[in-house]
Amino acid sequence: MSIELKNVSYTYMPDTPMERQALMGVTMTLERGRFYAIAGHTGSGKSTLIQQICGLLTPTSGEVVVEGVPLKAKSKEGKKQAALAKRKIGLVFQYPEQQLFEETVAADVAFGPRNQGLTEEEIARRVQKALALVDLDYEAYGGKSPFQLSGGQKRRAAIAGVLAMEPEYLILDEPTAGLDPKGREAILELINTLQKGGKGKEPMTIIMVSHAMDDILRLADEMFVMQEGRLTASGAPAEVFERWDVLSEAGLEPPKLLLLMERLREAGLAERGPVRNLKEAVQAVKRGLGKC
Amino acid sequence: MLSDITIGQYYPGNSLLHRLDPRVKILLLLLLMAEIFIFASWTAYGFIIALTCALMCCSGVPLKVLLRSLRPLLWIIVLTFIIHLLGTPGETAYQLGVINITWEGLSRGTFICLRLMLLILLSSLLTFTTSPVKLTDAMEALLSPFRRFGLPAHELAMMMTIALRFVPTLIEETDRIMKAQQSRGVDFTTGSIFTRLKAMVPILVPLFLSAFRRADELALAMEARCYRGGVGRTQMKALAVTRLDYIAVFLMIAMAAGLSVLAWLD
Ligand SMILES: Nc1ncnc2c1ncn2[C@@H]1O[C@H](COP(=O)(O)OP(=O)(O)OP(=O)(O)O)[C@@H](O)[C@H]1O
Ligand SMILES: [Mg+2]
């Protein structure tokens with residue numbers, strides 16, 4: 001069970017002076033239950049790519065297949081199947097709080113499920129569950145206007161609006177942009193919990209666009225590097241971040257943590273070996289020091 | 001979908017037409033339009049059509065793009081043609097039941113359509129070869145004599161500049177919000193008019209909110225940079241009339257004179 005992109009290309013505004021090819025022959029497979037990260041310089045086509053995955057944009061050439069169902073369908077039956085397949089994918093846009101519009105937070109979260117034509121009880125259940133997931137108290141915030149919330153709370157309410165549709169794949173476009181460190185951490189923690197699943201919940205597939213290399217190193221199972229519409233590297237973050245030539249070509253920098261570890265190793269203060277987060281770094285340093 | 005709309009259809013380039021002073025361009029356009037209405041004879045139109053073709057050739061804008069500007073008004077042109085074709089009395093050219101097509105109708109319909117197409121093509125030549133900023137600058141300059149009578153020329157031009165500046169932003173924003181709500185299951189394309197109108201609420205509310213926020217921020221940023229209206233304000237790229245403009249004005253006046261003589265001889 002996976003989402004497959006086969007040789008997807010996309011051109012914005014074809015046949016005009018503003019014509020711009022934003023994607024060129026991108027092929028990738030997104031397996032269920034894993035954490036994917038997409039990195040790339042600004043304008044490299046990340047947002048365009050994720051809109052292809054969830055069927056908001058149709059490829060100029062190539063095709064997107066969601067769990068065996070092609071999204072570009074001609075027949076009536078095919079279109080119906082495609083619409084159902086698209087429902088499995090939830091998309092959180094960059095600055096999602098800008099799409100809030102209802103009078104209360106609860107009503108806004110209920111918007112998606114209502115469009116899916118669920119019963120009122122089911123909608124109510126989903127709203128409560130989604131708000132609990134993003135750590136917004138239903139009693140305290142459910143009846144408030146979304147515009148009374150703080151920036152970080154608004155962002156969480158908006159994410160709840162997507163979660164309430166219970167997608168199996170969750171795509172997030174720079175979910176931490178413009179938040180303070182605490183807000184960032186809370187959002188990342190939430191995403192990580194969703195992906196891990198547990199407590200009777202299925203693990204969710206996460207596809208996250210991010211400019212924060214340290215977050216990618218820490219969280220992602222696999223990463224993709226985009227450069228001028230092309231996919232130039234993919235694989236486990238620890239491996240991709242080894243390839244500094246590809247990174248600098250794509251206008252990216254390795255994570256700060258890896259740069260620091262490199263310096264420590266050169267000074268003989270840390271052991272070799274893969275490091276993904278601060279904890280592992282501390283252990284590598286401890287072991288490195290122990291050897292002296 | 002929405003991104004296909006082009007407003008302020010400027011086509012960047014460096015042709016003769018692009019280099020002409022925008023004020024001169026506007027005035028000459030007005031002159032040409034007046035000629036189109038005053039000299040309503042086939043000979044005069046021959047000259048004007050020739051001139052329009054010449055201008056189209058030296059504008060550096062592809063013919064396809066230029067002709068596309070006719071498309072929004074295509075139905076009006078066709079309708080006008082049909083009305084004149086059927087509604088003009090005269091010698092019958094073709095009869096089909098109650099439908100009576102006359103030679104006069106054919107000639108009159110063609111004439112009126114030509115007039116419409118010329119007007120559209122010439123004004124799009126102006127907008128294709130003049131950037132919106134230059135266009136508003138020129139408007140301000142041309143309107144400023146009327147300031148004496150209380151016309152807020154600078155304010156009008158500034159409003160237009162800001163509006164033009166924000167049209168692409170708003171289109172982009174609408175596109176984004178539409179996509180966001182679409183991914184939450186809104187369907188804008190099916191259902192009755194009423195359901196479709198209702199589907200617009202989730203787009204309009206965020207759009208208005210952000211438009212007001214933007215307007216607020218822009219006003220603040222302008223005040224922070226000491227914007228105080230038009231009095232004593234200079235421009236970074238002041239408009240300047242060059243030899244090219246004198247030549248263009250001379251040629252156009254010569255043509256107007258020639259057409260007048262032609263009309264007088266008739
Ligand atoms: N609606 C649009 N119309 C025309 N061109 C567009 C449109 N959206 C994006 N582009 C162009 O496509 C290219 C890729 O844009 P995209 O938004 O996918 O980049 P991105 O990697 O998401 O950048 P960022 O990190 O800044 O969000 C850019 O060069 C952009 O100018
Ligand atoms: Mg983007």
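Predicted model: local features only at pLDDT ≥ 70, side-chain atom pairs only at ≥ 80, totals over all residues.

Biologist: What makes a residue part of the shell around ligand 1, and how many residues surround ligand 1?
Modeller: A residue belongs if one of its heavy atoms lies within 4 Å of the ligand. There are 15 such residues, and the closest are A:Thr42, A:Gly43, A:Lys46, A:Ser47 and A:Thr48. Strand E2 (20-31) and helix H1 (46-53) of chain A each give at least two residues to this shell. By residue class, the shell holds three nonpolar, nine polar and three charged residues.

Biologist: Why is the pair of A:Ser47 and ligand 1 called a polar contact?
Modeller: A polar side-chain atom of A:Ser47 lies 2.6 Å from an oxygen atom of ligand 1. The cut-off for N or O atoms is 3.5 Å, so the pair qualifies. A:His211 also passes, with a polar side-chain atom 3.3 Å from a ligand oxygen. For A:Ser44, a backbone N or O atom lies 3.2 Å from an oxygen of ligand 1. As for cover, ligand 1 taken alone exposes 630 Å², and the protein buries 73% of that.

Biologist: How do you know that B:Arg184 and A:Asp108 form a salt bridge?
Modeller: Their closest N and O atoms are 3.0 Å apart. Between chain A and chain B the count is one salt bridge, along with five residue pairs in polar contact. On the side of chain A that touches chain B, helix H3 (residues 105-115) gives the largest share, four residues. That side divides into 12 nonpolar, eight polar and two charged residues.

Biologist: What is the buried area between chain A and chain B?
Modeller: The two chains bury about 1,900 Å² between them, with 61% of it on carbon and sulfur atoms. A:Gln98, A:Gln99 and A:Phe101 supply 28% of the area that chain A buries against chain B, more than any other three residues. The contact takes 22 residues from chain A and 20 residues from chain B.

Biologist: Why does the salt bridge of A:Arg155 with A:Glu97 tie together separate parts?
Modeller: The closest N and O atoms of A:Arg155 and A:Glu97 are 2.9 Å apart, so they meet the 4 Å limit. A:Arg155 lies in helix H6 (residues 151-163) of chain A, while A:Glu97 lies in the loop between strand E6 (89-92) and H3, so the pair links parts 58 residues apart in sequence. Over all chains, the count comes to 20 salt bridges.

Definitions and conventions
Residues numbered from 1 in each chain as written. Chains lettered and ligands numbered in written order. Heavy atoms only, no water. Contact = heavy atoms within 4.5 Å. Buried area = accessible area lost by both parts, 1.4 Å probe. Salt bridge = Lys/Arg side-chain N within 4 Å of Asp/Glu carboxyl O. Polar contact = N/O pair within 3.5 Å; in protein donor to acceptor, adjacent residues only side chain to side chain. Nonpolar A, V, L, I, M, F, W, Y, C, P; charged D, E, K, R; others polar. Areas by Shrake-Rupley, 256 points an atom, 1.4 Å probe, with all protein chains shown as cover.
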